[in-house]
Amino acid sequence: MIAHDLQINSQYKRFLQSDIKDIEELPVGCGGVLNPKTSKPIAVYKDESGGVHKFSALCPHLQGVVCWNNVEKSWDCPIHGSRFSKDGVQIIGPAKAGLSPENESGESNQKQAIMS
């Protein structure tokens, strides 16, 4: 039980980490977490045409910070394994909702993905 608690708590250190320093350094077709020290972490995805889509990087299940999975092109939560599409749409739980859009582009892409 203690080992499990330590493992889970170590995942929350991502609140202090950033995968990218600047959105410009993010390659097309990839995502990364931008963690400005003054606010919450943002999951940023740059599509194939260079469009930038932003979502909350906090998993709606237990508020863990998601990680970009470059192989699956998905956002994965390291705490309990929730997975979200590149558009922030919930693919597998235990999360019951998607990642919250943080810009208009993220919101429109998420709506489009849900309707597809």
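Is Glu102 buried, partly exposed or exposed?

1. Glu102 is partly exposed, since its relative accessible area is 33%; here buried stands for under 20% relative accessible area, exposed for over 50%, and partly exposed for what lies in between, with a 1.4 Å probe and protein chains only. The model is predicted, so that local features need pLDDT of at least 70 and side-chain atom pairs count only at pLDDT 80 or more, whereas totals for chains, interfaces and linings use all residues. Residues are numbered from 1 along each chain as its sequence is written, and side-chain values use heavy atoms, with hydrogens and water left out.

2. Glu102 forms a salt bridge with Lys40, and the closest N and O atoms of the pair are 3.0 Å apart; a salt bridge is taken as a side-chain nitrogen of Lys or Arg within 4 Å of a carboxyl oxygen of Asp or Glu. The two partners come from distant parts of the chain, 62 residues apart, with Lys40 in the loop between strand 1 (30-34) and strand 2 (42-46) and Glu102 in the loop between strand 7 (90-92) and helix 2. Helices (H or I, at least four residues) and strands (E, at least two) are DSSP runs, numbered from the N terminus. Lys40 is itself partly exposed, at 37% relative accessibility.

3. When neighbours within four places in sequence are left aside, Ser56 is in contact with Lys40, Pro41, Ala43, Leu99, Ser100 and Glu102, contact being heavy atoms within 4.5 Å. A polar atom of the Ser56 side chain also lies 3.1 Å from the backbone nitrogen of Leu58.

4. The count of salt bridges comes to four, and among them is the pair of Lys86 and Asp87, whose closest N and O atoms are 3.9 Å apart. Lys86 is partly exposed, with a relative accessible area of 32%, whereas Asp87 counts as buried at 10% relative accessibility.

5. Another salt bridge joins Glu107 to Lys111, with the closest N and O atoms 3.4 Å apart. Both residues lie in helix 2, four residues apart, which is about one turn of the helix, and Glu107 is partly exposed, its relative accessible area being 37%.

6. Helix 2 (residues 104-115) has 12 residues and reaches 17 Å from its first C-alpha to its last, close to the expected 16 Å, where the expected span is 1.5 Å times one less than the number of residues. The buried residues of helix 2 are Gly106, Asn109 and Gln110; seen down the helix axis they fall within an arc of 100°, so they line one face of the helix, the arc being that of the directions from the axis to the C-beta atoms. What covers these buried residues includes strand 3 (52-56), while the face turned away from the buried side carries the exposed residues Glu104, Gln112 and Met115.

7. How many disulfides does a search of the whole structure find? The search finds zero, a disulfide being a pair of cysteine sulfur atoms within 2.5 Å. For Cys67, which is in no disulfide, the nearest cysteine sulfur is that of Cys77, 7.8 Å away. Cys67 counts as partly exposed at 24% relative accessibility, whereas Cys30, at 15%, counts as buried.

Technical notes: A polar contact is a pair of N or O atoms within 3.5 Å; within protein, one must be able to donate a hydrogen and the other to accept it, and residues adjacent in sequence count only if both atoms are side-chain atoms.
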